[in-house]
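Open the model in your viewer and keep the sequence beside it. This tour goes stop by stop, with something to select at each.

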Amino acid sequence: MALNDWFQKGMTYEQYVGQMKQNREEMLSIQERFSLRPEDKERLETLREKGLRAIVLTEDWCGDAMVNNPILMKIAEAAGIEVRFLLRDENLELMDQYLTNGKSRAIPIYIFLDREGKEYAVWGSRAPEVQRFVDEERAKLPPKDAPDFPEKQKAMYGKMREKFLRDEQVWRHIADSIIARIRQ
């Protein structure tokens, strides 16, 4: 299936939010509290003439999607990018074309399309600075076969979630990373 067809199959943001069962309030809270800098809006305004669109591969249970998707929506609004959402687990044929490191179905993945429906840019699933934080936290975990691994892993996910919900610097890293990718 062509990317244009995947785009047409996708949900609007309102439809996506409407079907969410997890992380809805948290995601909407980030969207309400995050704002682009005036210079970001100015740079993004120049993208309007490109007529970009975006396909978002996501799931509502994903903490990365919880923080990245509302930031993408602010960017899309400023750049005039029409966005459609596809649930990863229901669209593995597309997901498997955008594996992280060639093997992981990490989400969210943002596939930006030009006017003709050709791939313009791809972003996901994390900004480099956020990935470094996650890698550092994972490095602190005991081996997977250690008796306290499940407890420590759960605590790590809780710490990541709190950082994603509250740390405005994380939000800035995400915005800068997405903007850099689409302004290439």
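Start in the sheet: select Leu113, which stands opposite Glu119 in strand 4. This is a predicted model, where local features need pLDDT of at least 70, side-chain atom pairs count only at pLDDT 80 or more, and totals for chains, interfaces and linings use all residues. Residues are numbered from 1 along each chain as its sequence is written, and side-chain values use heavy atoms, with hydrogens and water left out.

**The sheet**

Strand 3 and strand 4 pair in the antiparallel sense, over five bridges. Two strands pair if DSSP finds at least two bridges between them. Helices (H or I, at least four residues) and strands (E, at least two) are DSSP runs, numbered from the N terminus.

Contact here means heavy atoms within 4.5 Å. Axes are lines fitted to C-alpha atoms, for helices over the stretch in contact, and angles run from 0 to 180 degrees between N-to-C directions.

**The aromatic stop**

How many aromatic pairs does the structure hold? It holds four. Rings of Phe, Tyr and Trp (its six-membered ring) pair if their centres lie within 6.5 Å; planes under 30 degrees apart count as stacked, over 60 as edge-to-face and the rest as tilted.

Select Tyr13 and Phe85. Their pair is tilted, at 5.6 Å centre to centre with 40° between the planes. Tyr13 lies in helix 2 (residues 13-19) and Phe85 in strand 2, so the pair ties together parts that are 72 residues apart in sequence. Both Tyr13 and Phe85 are buried. Buried means under 20% relative accessible area, exposed over 50%, partly exposed in between (1.4 Å probe, protein chains only).

Tyr16 and Phe85 are stacked, at 4.8 Å centre to centre with 10° between the planes. This pair links helix 2, which holds Tyr16, to strand 2, which holds Phe85, 69 residues apart. Tyr16 is buried because its relative accessible area is 1%. Tyr13, Tyr16 and Phe85 form one aromatic cluster.

**Charges over rings**

Select Arg53 and Phe7. The charged end of Arg53 sits over the ring of Phe7, 4.8 Å from its centre. A charge sits over a ring if NZ of Lys or CZ of Arg is within 6 Å of the ring centre and within 35 degrees of the ring normal. Then go to Lys163, whose charged end sits over the ring of Phe133, 5.0 Å from its centre.

**Two helices**

Show helix 3 and helix 8 (residues 149-166). They pack at an angle of about 35°, with their axes 9 Å apart. Glu26, Ile30 and Arg33 in helix 3 meet Arg161, Phe164, Leu165 and Arg166 in helix 8. By class, this contact has three nonpolar, no polar and four charged residues. Ala, Val, Leu, Ile, Met, Phe, Trp, Tyr, Cys and Pro count as nonpolar, Asp, Glu, Lys and Arg as charged, and the others, Gly among them, as polar.

**Loop stops**

Select Asn91, in the loop between strand 2 (82-87) and helix 6 (92-95). Is Asn91 buried or exposed? Asn91 is buried, with a relative accessible area of 4%. Not counting residues up to four places away in sequence, Asn91 touches Trp6, Lys9, Leu57 and Leu86.

Go to Pro108, in the loop between helix 6 and strand 3 (109-113). The peptide bond from Ile107 to Pro108 is cis, with omega near 5°.

Finish at Asn23, in the loop between helix 2 and helix 3 (24-33). Phi of Asn23 is near 60°, a positive value in a residue other than glycine. Asn23 is buried, at 9% relative accessible area.
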